[in-house]
Every structure is written in C-alpha cells, then in structure tokens.
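This report describes how one protein chain is folded. Please look at the structure below before reading on.

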Amino acid sequence: MRILISNDDGIEAPGIALAAKAASLLSDDVWVVAPDGKRTAAGPSLTVARPITMRRLGERRFSCSGTPADCIVTSMGWLFNDGKKPDLVVGGVNDGRNVGEDLAYSGTLGIAREATFWGIPAIGFSRVKEANVREGDAAWLARFIERLWQTRSEWAMEGHWLSVNLPADLPAAIAQPTIGRDKIARKTEIVRENGDEIELIVPRGRAHSSRKGDENSLIAEGFATMNRLNWFGETQLGGAFMEGLRAATK
C-alpha cells in the first residue's frame, strides 16, 4: 500500500512525524510531501500560474513552497505522474482540533478534499493542542488507519473524505459527532497605524463553544470524533421556489 502524507503545519511539525511513524507500521511505501512552513487555515487553495519549489529532503520526503493542497497536486502531477499513485492520503496530524467552521478553512482537510478529486481515499487527522503524547500513540493510530483502510468501501464514496479529531489521551473510543459552531477569527487587532495604512492581525484561539453531541463536547469527554465530509454539499431548492423564480424571470 502506498501512503502519501501531508499537513498544514509544515514538514518539520511533530504531528506529521506521528502520522509518518504510524503509516510506516502499515507500509514500507510511505511518502511525505508537506509545506516548507506553517500554512494554517490555507483551506483548499491552490497556487496557479506561479512557480512552486519542491525540495528533496530524503528518500520519499519532499517540502513544497506552496499550500497543503498544492502538495497533493504536485504529487499527482509530478512526483507520481509516471508511476503508481497513492492508495491512501493522510493529512495531519494537525496541531489543534478542526471543528465547526474549520471544516471550510482547514488546510488539513483541504489536503483530504484535494485527494478525493484524484479518486484517492483520504483522512484528515487533527488533535487537541497540548495533547498527552505517549510512546504508544503511533501504534494506536496505525491500527485505526488500518481498520479504516480495510473498510474503505463503506466510507470512501466519490467526493467524500473523513475528518478525525483526536483527544488529549490515546487510546480513545470513536464517536460520530454533529458538526458544531465554534467560530475562529472572531476579531481583528490593530498592530500599527500609519496614516491611511492600518496593519491588522487575526489572533489565534477560539471560545471552544459547545453543545451536546458536537465535536467539542465529545472531545472533552475523551472521544476521538469522526465525520464523513464531502466537497459538493448542495441542498436542493424547493420546487415551488424554482417555479416562482422561472415565472418571474420569463
């Protein structure tokens, strides 16, 4: 099994080392292609019509000057262009949970989404900050990934991927939460003002708002949470509404 791993925290982040260690317990064909620095909240954005620099850091290990999703595009369009494509893409393990509106902003989940465009099963892993990292975490994560791989026919539908949030302590029971509301970027702070030029910063952090059954509430109870997401997510408009609209625009 060929496994491709990426993240949005940068190739030297501890979380991607954990993911790579877990993957190496399942396969001897593990590739790491990740941004050369932190790309938090890069979402699914791509670098188009501008140069991207890839740097070989070791056997099957590359850094990328672009976004997390660029790492998947460059892997598919260059690294594996003439050879076997990955069987599984793993994003993360992200430094911090991805809940609520993060599903739209997350570079970790942007990796998984991009992988689905190439028809590859994908999982985005995130973990709470200041987790209690232990020696056995990689082995537990490997067993989790292995089970998901074995059951991929049940979740890897076209255009779908998995988002997994890990709690502070592993091992953990698995739960499927509702998607909550926990808004990041609620405020901006003024760093500097110089006439008509104002420098702002959006600080990190969030309220960790919670309601029963959502990601935050279950993570607080010690669960690892898992949702299946999709990129299209349309909801049909009502027939009466559409008929009225057609009539009004004749």
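## Terms and model

A residue is called buried when its relative accessible area is under 20%, exposed when that area is over 50%, and partly exposed in between (1.4 Å probe, protein chains only). By this scale Ala41 is partly exposed, with a relative accessible area of 45%.

The model is predicted, so local features need pLDDT of at least 70 and side-chain atom pairs count only at pLDDT 80 or more, while totals for chains, interfaces and linings use all residues. Residues are numbered from 1 along each chain as its sequence is written, and side-chain values use heavy atoms, with hydrogens and water left out. Helices (H or I, at least four residues) and strands (E, at least two) are DSSP runs, numbered from the N terminus.

## The sheet

Nine strands form an open sheet with mixed pairing, in the order β3-β4-β2-β1-β5-β6-β7-β11-β8. Two strands count as paired if DSSP finds at least two bridges between them. At the edges are β3 (54-58) and β8 (174-175), each of which pairs on one side only. Strands of a sheet pair through backbone hydrogen bonds, either parallel or antiparallel.

Strand β1 is joined to β2 by four bridges, and the two run parallel. In this pairing Ile3 stands opposite Val30, and Leu4 stands opposite Trp31. β1 also pairs with β5 in the parallel sense, again over four bridges, with Ser6 opposite Gly91. Five of the five residues of β1 are buried. Arg2, Leu4 and Ser6 point one way from the strand, and Ile3 and Ile5 point the other way.

## Helices against the sheet

β1, α1 and β2 make a right-handed β-α-β unit. A crossover is right-handed if, with the strands pointing away from the viewer, the path from the first strand over the helix to the second runs clockwise.

Which residues of helix α1 are buried? In α1 (residues 14-24) they are Gly15, Ile16, Leu18, Ala19, Ala22 and Ala23. Seen down the axis of α1, these residues fall within an arc of 155°, so they line one face of the helix. The arc is that of the directions from the helix axis to the C-beta atoms. An α-helix has 3.6 residues a turn, so residues three or four places apart point the same way. The buried residues of α1 pack against β1 (2-6), β2 (29-35), β5 (88-95), β6 (122-127) and α5 (137-150); contact here means heavy atoms within 4.5 Å.

Helix α2 lies across β1, β2, β3, β4 and β5, running at about 130° to β2. Helix α5 lies across β5, β6, β7 (160-166), β8 and β11 (224-230), at about 150° to β6. Axes are lines fitted to C-alpha atoms, for helices over the stretch in contact, and angles run from 0 to 180 degrees between N-to-C directions.

## Nonpolar cores

A nonpolar core is a set of buried Ala, Val, Leu, Ile, Met, Phe, Trp, Tyr and Cys residues joined through side-chain atoms within 4.5 Å. The largest one has 31 residues, and those with the most contacts inside it are Ile5, Ile123, Phe125, Leu141 and Leu166. At least two residues each come from β1, α1, β2, β5, β6, α5 and β7. The largest share, eight residues, is supplied by α5.

Beyond its neighbours within four places in sequence, Leu141 is in contact with Leu18, Ala19, Ala22, Val93, Phe125 and Leu166. A second, separate core of 18 residues includes Phe62, Cys71, Trp161 and Leu229. In soluble globular proteins, nonpolar side chains tend to be buried together.

## Loops and backbone details

Thr67 lies in the loop between β4 (61-64) and α2 (68-79). Is Thr67 buried or exposed? Thr67 is buried, with a relative accessible area of 12%. Leaving aside neighbours within four places in sequence, Thr67 is in contact with Pro35, Ser45, Leu46 and Thr47.

The loop between β2 and β3 holds Ala41 and Ala49. Ala41 has a positive phi of about 65° although it is not a glycine. Ala49, also not a glycine, has a positive phi near 60°; at 82% relative accessibility, Ala49 is exposed.

A cis peptide bond, with omega about 5°, joins Gly92 and Val93, and Val93 is found in strand β5. Another cis peptide bond joins Leu170 and Pro171, with omega about 5°. Pro171 is in the loop between β7 and β8.
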